[in-house]
Amino acid sequence: MSFGLSFVLLSSSVLVTKNTFAHTNKDNNHHNSPSSSHSHSHKSIDISNHDLIPNIEIEVMEDTMTGWNVKIITDNFTFAPETVNQESNINQGHAHLYINGEKITRIYDNWYYISDLPKGENEIKINLNTNLHEELIYQGTIIGDRTVIINN
């Protein structure tokens with residue numbers, strides 16, 4: 001497992017920290033967020049023994065007008081809103097957006113707009129889920145990525 005932490009200054013009032021946990025298996029690079037103690041429960045699927053492990057990386061950028069633009073980069077995963085609540089496929093589905101540990105919404109595309117964040121430190125986390133909302137688990141960790149934004 002490798003661990004990286006970087007800081008990017010977006011403006012004089014905003015600081016973004018990126019905290020990515022990466023695993024490598026079968027020449028795939030997997031970015032996983034640590035499991036958290038969020039208050040909801042979803043079923044999960046351990047996909048550690050599959051050949052095409054999904055991967056996610058997020059970039060959060062302050063919008064030039066107001067709010068935040070989230071770019072979601074995936075490998076071995078396709079957003080498939082037309083198949084939600086249908087048979088599970090570990091390489092397609094949707095994502096769940098969490099802000100400060102609270103589930104905000106489902107995401108069905110590679111971009112998402114956040115209109116506002118509270119002052120102070122904010123954790124933006126996105127996890128990949130199957131069509132049946134099952135969390136994808138790789139070597140004991142939910143497949144996702146997280147970024148911390150300090151909004152002054």
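Two strands are said to pair if DSSP finds at least two bridges between them, and the strands themselves are DSSP runs of E with at least two residues, numbered from the N terminus.

The model described here is predicted, so local features need pLDDT of at least 70 and side-chain atom pairs count only at pLDDT 80 or more, while totals for chains, interfaces and linings use all residues. Residues are numbered from 1 along each chain as its sequence is written, and side-chain values use heavy atoms, with hydrogens and water left out.

Strands of a sheet pair through backbone hydrogen bonds, in either a parallel or an antiparallel sense. Strand S8 covers residues 92-99, and because seven of its eight residues are buried, this strand is largely enclosed by the rest of the structure; buried here means under 20% relative accessible area, exposed means over 50%, and partly exposed lies in between, with a 1.4 Å probe and protein chains only. The pairings of S8 are set out in the table.

| Partner of S8 | Sense | Bridges | Residues standing opposite |
|---|---|---|---|
| S7 (residues 78-79) | parallel | two | glutamine 92 and threonine 78 |
| S9 (residues 102-107) | antiparallel | five | alanine 95 and isoleucine 107 |

S8 and S9 also form a hairpin with two residues between them, and asparagine 100 in that turn has a positive phi of about 55°.

Side chains of opposite charge can pair when their charged atoms come close. The structure holds one salt bridge, a term for a side-chain nitrogen of Lys or Arg within 4 Å of a carboxyl oxygen of Asp or Glu. Glutamate 123 and arginine 146 form this salt bridge, with their closest N and O atoms 2.5 Å apart. Since glutamate 123 lies in strand S11 and arginine 146 in strand S14 (residues 144-151), the pair ties together parts that are 23 residues apart in sequence. Glutamate 123 is partly exposed, at a relative accessible area of 22%, whereas arginine 146 counts as buried at 13%.

Asparagine 122, also found in strand S11, is buried, with a relative accessible area of 1%. A polar atom of its side chain lies 2.8 Å from the backbone oxygen of proline 118. Not counting residues up to four places away in sequence, asparagine 122 is in contact (heavy atoms within 4.5 Å) with residues including Asn100, Thr147 and Asn151.

**The sheet of S5, S6 and S10**

Three strands form an open sheet in the order S5-S6-S10, with antiparallel pairing. Its edge strands are S5 and strand S10 (111-114), each of which pairs on one side only. Neighbouring strands of this sheet are turned by 20° against each other on average, direction ignored, where the axes are lines fitted to C-alpha atoms and angles run from 0 to 180 degrees between N-to-C directions. S5 and S6 pair over eight bridges, and isoleucine 56 has threonine 74 in S6 as its bridge partner.

Threonine 66 is found in the loop between strand S5 (55-62) and strand S6 (68-75), and at 48% relative accessibility it counts as partly exposed. Leaving aside neighbours within four places in sequence, threonine 66 is in contact with Tyr113 and Ser115. The C-alpha atoms of threonine 66 and serine 115 are separated by 6.9 Å, although these residues are 49 residues apart along the chain.

Note on methods: Helix = DSSP H or I, 4+ residues; strand = E, 2+ residues; numbered from the N terminus. Polar contact = N/O pair within 3.5 Å; in protein donor to acceptor, adjacent residues only side chain to side chain.
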